[in-house]
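Please read it alongside the sequence and the coordinates shown here.

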Amino acid sequence: MDYNRFFDAALNQLYRERRYRVFADLERLAGRFPHAIWHSSDGPREVVIWCSNDYLGMAQHPKVVGAMVDAATRMGTGAGGTRNIAGTNHPLTVLEQELAALHGKEASLVFTSGYVSNETGIATIAKLLPNCLLLSDGLNHNSMIEGVRKSGMEKRIWRHNDVVHLEELLRAADPDRPKLILCESLYSMDGDVAPLHRICDLAERYGALTYVDEVHAVGMYGAHGGGISERDGAAHRIDILEGTLAKAFGCLGGYIAANANLIDAVRSYAPGFIFTTALPPAICAAATAAIRHLKTSQWERERHQDRAARLKAVLNAARLPVMPSDTHIVPVHVGDPEKCKRASDLLLSEHGIYIQPINYPTVPRGLERLRITPSPYHDDALIDRLAEALVDVWDQLGLPRQADRLAAE
């Protein structure tokens, strides 16, 4: 049997649907972020990154790099296996204590990625609640969707950020049935924010637990970087907070924070935790250094918000179709998968600007976009250059500007 034909058919389908993904070969330059080297087919070339999830540039911060180097020098590079086999390396214990304190929770549990923390965390929690009903926001991340699916429990999807619809579903459920409400605090494609207090009000009224994904908000919002839940004074009302170490904290890994007994139960039952090698000491030490720095330093958050605001103002002044967002996410509407990919290619090849195209299934068809994420290190000159480059690309591709798009709608 020719097995390769099945793989060829699968790839050809992606090509036909204009969904085949191409990854740029980039070499980030510590100390010069957002500048990087693009290893193109024509050789290395310097570019500027405009779509990194290292939102605050913490991956290059001297405290974070120093902590990683010191830990690797003292303890080596690997964790030695799962925590059950190799024990818990001490920097991981310290990291979990730091995360629990950040969110005002009794305990936390670190996983190898934010994806795994959602997938295995949600599935395990739901399985431990007899006949649990899962109520999931319609725009939740794939990792949350997979967690719901792997739980095997009944689910209800509520319209995105629509608490009226959520209440209808809660009211229709058996009052004595365990219920788990799942949402994100900040949605990374549109940059909108969940009404956390209203969701918590409903959870308390109908006897549900709350699970909030803060991966695009931790480190960046709140007085200490605790996320949207800290900024809005809602953290103490949320039962389970999930976050990542790989975005604003500039490292790797994911986690959940909650009451000690819930965390212990997940630790004891979750296969995605039990059977996976632990994070290495150097990664844990680096993440702890990032968290501690951002608990006290306001410069990164304030500068970041200033950069996002200026970028939106400049792009709007250029009549580029910036989609509304109250956060640091700056989506620019394209609305066509081929032109979205072509815009990305032109920015990279002709202007030395890297912005990955966002096409279906990450966003619905017709809402293809360039998702721009400024950092504290994108200065005024870089912002002006980006606006000029986007205008040039929009003109080359005949893409509608702001007034044209509004008129068409």
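A residue is called buried when its relative accessible area is under 20%, exposed when that area is over 50%, and partly exposed in between. The model is predicted, and the points below are grouped by topic.

**Cysteines**

- A disulfide requires two cysteine sulfur atoms within 2.5 Å, and by this rule the count comes to zero disulfides.
- Cysteine 132 takes part in no disulfide, since the nearest cysteine sulfur, which belongs to cysteine 183, is 15 Å away; with a relative accessible area of 0%, cysteine 132 is therefore classed as buried.
- For cysteine 251, the closest cysteine sulfur is that of cysteine 284, and because the separation is 9.2 Å, the two are too far apart for a bond.
- Cysteine 251 is also buried, because its relative accessible area is 15%, a value under the 20% cut-off.

- Helix H6 covers residues 142–151 and contains isoleucine 145, which is partly exposed because its relative accessible area of 44% falls between the 20% and 50% limits.
- Isoleucine 145 and isoleucine 122 are separated by 23 residues in sequence, while their C-alpha atoms are 9.2 Å apart in space.
- The buried residues of H6 are Ser143, Met144, Glu146, Gly147, Val148 and Ser151.
- Just after H6, glycine 152 adopts a positive phi of about 75°.

**Histidine 333**

- Histidine 333 belongs to strand E11, which comprises residues 330–333, and is classed as buried because its relative accessible area is 14%.
- The side chain of histidine 333 reaches the backbone oxygen of glycine 366 at 3.2 Å.

**Packing of helices H13 and H15**

- Two packed helices are described by the distance between their axes and by the angle between those axes.
- For H13 (residues 299–317) and H15 (residues 380–397), the axes come within 10 Å and cross at roughly 35°, and the crossing is right-handed.
- On the H13 side the contact is made by Arg307, Arg310, Leu311, Val314 and Leu315, and on the H15 side by Asp380, Ile383, Asp384, Leu386, Ala387 and Leu390.
- The residues of this contact between H13 and H15 divide into seven nonpolar and four charged, with no polar ones.

Notes:
Residues numbered from 1 in each chain as written. Predicted model: local features only at pLDDT ≥ 70, side-chain atom pairs only at ≥ 80, totals over all residues. Heavy atoms only, no water. Buried < 20%, exposed > 50% of the residue type's maximum accessible area, 1.4 Å probe, protein only. Helix = DSSP H or I, 4+ residues; strand = E, 2+ residues; numbered from the N terminus. Polar contact = N/O pair within 3.5 Å; in protein donor to acceptor, adjacent residues only side chain to side chain. Axes fitted to C-alpha atoms, helices over the stretch in contact; angles between N-to-C directions. Left-handed = near helix turned anticlockwise from the far one by under 90°. Contact = heavy atoms within 4.5 Å. Nonpolar A, V, L, I, M, F, W, Y, C, P; charged D, E, K, R; others polar.
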